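Reader: I'm new to reading protein models. Could you walk me through one?

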Amino acid sequence: MTTRRQADGATVVDVRGSLDAATVESLRDVLLDTVQRDRPTAMIVDLTYVTFMDSVGIGALVAGQRAARDIGARFQLRNPSEFVHRQLRVTGLADLLGCI
């Protein structure tokens, strides 16, 4: 996972691999810590290279979305694979999490 700040004040978190019980804590920590420390205008989570995501991965994204909302920042998911996008649609969270 890498994090970078854009000139417009948005923070982009690039995620790779699987989002499951073995990896989700690091994602949750990065999202929550970044929101609290940097207070970005927007949090963009790039899922281009995420190959698998289960319910705990979705939970980490929801936690990030709530933390961003609490400080008035926009939260978006960028480039989810078809598998990940399907998981979000099935759970009804695609719109809430701002899939683009």
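Author: Let's go from the whole chain down to single residues. This is a predicted model, where local features need pLDDT of at least 70, side-chain atom pairs count only at pLDDT 80 or more, and totals for chains, interfaces and linings use all residues. Residues are numbered from 1 along each chain as its sequence is written, and side-chain values use heavy atoms, with hydrogens and water left out.

Reader: How many helices and strands does the protein chain have?

Author: Helices (H or I, at least four residues) and strands (E, at least two) are DSSP runs, numbered from the N terminus. Here you get three helices and four strands, and along the sequence they follow the pattern β-β-α-β-α-β-α.

Reader: What does the radius of gyration tell me about the protein chain?

Author: It's taken over C-alpha atoms, and the globule rule is 2.2 Å times the number of residues to the power 0.38. For 100 residues, a compact globule would come out near 13 Å, and this chain has 12 Å, which agrees. Its C-alpha atoms fill a box of roughly 30 × 25 × 20 Å along the principal axes.

Reader: Is Asp20 buried or exposed?

Author: Buried means under 20% relative accessible area, exposed over 50%, and partly exposed in between (1.4 Å probe, protein chains only). Asp20 is buried, and it sits in the loop between strand E2 (10–19) and H1. In the protein chain overall, 44% of the 100 residues count as buried.

Reader: Which residues does Asp20 touch, and where is the nearest side chain of opposite charge?

Author: A contact means heavy atoms within 4.5 Å. Leaving out residues up to four places away in sequence, Asp20 touches Phe52, Asp54 and Val56. For charges, Lys and Arg count as positive and Asp and Glu as negative, while His and the chain ends are not counted. A salt bridge is a side-chain nitrogen of Lys or Arg within 4 Å of a carboxyl oxygen of Asp or Glu. Asp20 has none: Arg28, the nearest side chain of opposite charge, is 12 Å away.

Reader: Which residue has a positive phi of about 45°?

Author: Most residues other than glycine have a negative phi. Arg39 has that positive value although it is not a glycine, and it lies in the loop between H1 and strand E3 (42–53). Asn79, not a glycine either, has a positive phi of about 55°. Its loop runs between strand E4 (74–78) and helix H3 (82–91). With a relative accessible area of 39%, Asn79 is partly exposed.
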